[in-house]
Amino acid sequence: MHNFKNVVLLTQKMEPKDYSHAKTTPSYTLLLFHSSIAISYDGEEYFHAPKNSIILYEPGTLQCYKNIDSSYLNSFLAFDVEPSFFEQFRFIKNKLFIIHPIYEERILHCMDKLSYIVNTPYAKEF
């Protein structure tokens, strides 16, 4: 059993115009972009990423992304878990990939459910 700790969830966050995000994440962070963005890896040039993009950052990885035209919408889930948790899955970490819109809806639904569970008095039971 893997113990998820320090779960922080924010769904459908609207980033303002000219917003730029570049910081080192202290925990695993799953980011789901609902609108187009520009993203950079390891300080390289920014490249365009369409909506329905997702990325799973490992702890200590520099997150570097910004909006392209105007405000954009994203959702994220930050959590701490033992690295061995990922050994049983084929997660792509620290690289952006595009998902089908139906999966975006499913992932967002799971994030919303998790948000409800984490923010209730019974969170430790789940």
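Me: Which residue in β5 is the bridge partner of Ala38?
Reply: This is a predicted model, where local features need pLDDT of at least 70 and side-chain atom pairs 80 or more, while totals for chains, interfaces and linings use all residues. Numbering runs from 1 along each chain as its sequence is written, and side-chain values use heavy atoms, without hydrogens or water. For Ala38, look across into β5, where the bridge partner is His48.

Me: How many bridges join β4 and β5?
Reply: Strands are DSSP runs of E, at least two residues, numbered from the N terminus, and two strands pair if DSSP finds at least two bridges. β4 covers residues 37–39 and runs antiparallel to β5. The bridges between β4 and β5 come to three.

Me: Which are the edge strands of the open sheet?
Reply: Walk across the four strands and you get β2-β7-β4-β5, with antiparallel pairing. An edge strand here pairs on one side only. That picks out β2 and β5 (47–49).

Me: Where does Asn52 sit, and is it buried or exposed?
Reply: Asn52 has a positive phi of about 65 degrees, though it isn't a glycine. Its place is in the loop between β5 and β6 (53–57).

Me: What about Asn94: what is its relative accessible area?
Reply: Asn94 is another residue other than glycine with a positive phi, near 65 degrees. Look for Asn94 in the loop between β8 and β9 (97–98). Asn94 is buried too, with a relative accessible area of 17%.

Me: Which residues lie closest to the centre of the second largest pocket?
Reply: A pocket is an open set of 1 Å grid points where a 1.4 Å probe fits, with protein on both sides within 12 Å along at least five of seven lines. This one holds about 200 Å³ of space, counted as what probe spheres on the points fill. Of its 15 lining residues (an atom within 4 Å of a point), the closest to the centre are His21, Lys23, Thr29, Gln63 and Phe76.

Me: Which element gives the largest share of that lining?
Reply: Several strands give two or more residues to the lining of the second largest pocket: β1 (5–15), β2 (20–24), β3 (28–33), β7 (62–67) and β8 (72–80). The largest share is three residues, and it comes from β8.

Methods
Buried means under 20% relative accessible area, exposed over 50%, partly exposed in between (1.4 Å probe, protein chains only).
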